[in-house]
Amino acid sequence: MSEGDVLRRLRELELADVGGALDDSDQTERLLAGLPSVYAAALRIANGFTVHSGMNRVFGVREDRHMDLRSWNEVEGWRFAWGEKADPSFLMFGETAFGDQYALRWTGSSYEDVVYLLDVNLLSVRPVFNSFAHFLDQEIVQNAISPSHPTALACVERFGRVPCNENVVLTPSLLLGGYEDVSNMVKIDSFAAMIYGGDIYTAVVSAPDEVAVVGVEPWVDDIGRPRLRVVFAD
């Protein structure tokens, strides 16, 4: 399918959480010029949007930080909690409601026209679509028309629409011995969800082998961000 056909299909969808029209500032134009052309064209159609009851999101250039490409990629927003795992060469341009990140990779002069998925638990990276147009067609249009991911379907059945400022998280995390079941999931602020994920990951990978997890303790850092402390057995 051609890029034009994909963009036409995008226009025909009933997109949700769409931001206001892009401004025509030089800063916005420079940002769009650095993105794959199909992504920039998609944002001119809809400045950030969600499909499948909020389960799949594409960020725009807008005021609300949860759906703003710039705010979501600020180091101090949530990436700091992951340390080196949040590779700065990746631009997170969207996510699933579970927190899996859709990303583009900076090659040194431009963004590669390949879409990667960074796993919510480990931020492990794998290429999933060979172009942004392929991503729009197979991930966005497909999930808008005929979603099929069983866990996403179960989440929508349980929660209804997931607001674009919230993620659905597993409690406890898979890294802390949890198992994937919608009955063990809750909705929390998206930034908090990604910070918690980073706190859990960094604690688990730095812990001695086979040490038991006792629990987690919430705390707030010195600039007001919600954090989690993983408590291990002595």
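A pocket, on a 1 Å grid over the protein atoms alone, is an open set of points where a 1.4 Å probe fits, with protein on both sides within 12 Å along at least five of seven lines, and its lining residues have an atom within 4 Å of a point. This is a predicted model, in which local features need pLDDT of at least 70 and side-chain atom pairs count only at pLDDT 80 or more, while totals for chains, interfaces and linings use all residues. Residues are numbered from 1 along each chain as its sequence is written, and side-chain values use heavy atoms, leaving out hydrogens and water.

The largest pocket has a volume of about 1,000 Å³, a volume being the space filled by probe spheres set on the points. Its lining consists of 50 residues, of which Phe98, Gly99, Asp100, Val120 and Val168 lie nearest the centre. Helix 7 gives the largest share of this lining, six residues, where a helix is a DSSP run of H or I with at least four residues. By type, the lining divides into 28 nonpolar, 17 polar and five charged residues, with Asp, Glu, Lys and Arg counted as charged, Ala, Val, Leu, Ile, Met, Phe, Trp, Tyr, Cys and Pro as nonpolar, and the others as polar.

Turning to a pair of helices, the axes of helix 1 (residues 3-12) and helix 3 (residues 37-45) come within 10 Å and cross at roughly 25°; the two helices are therefore roughly parallel to each other, a term for angles under 35 degrees. In their contact (heavy atoms within 4.5 Å), Glu3, Leu7, Leu10 and Arg11 of helix 1 meet Ser37, Val38, Ala41, Ala42 and Ile45 of helix 3.

Note on methods:
Axes fitted to C-alpha atoms, helices over the stretch in contact; angles between N-to-C directions. Parallel < 35°, antiparallel > 145°, perpendicular 65-115°, else oblique.
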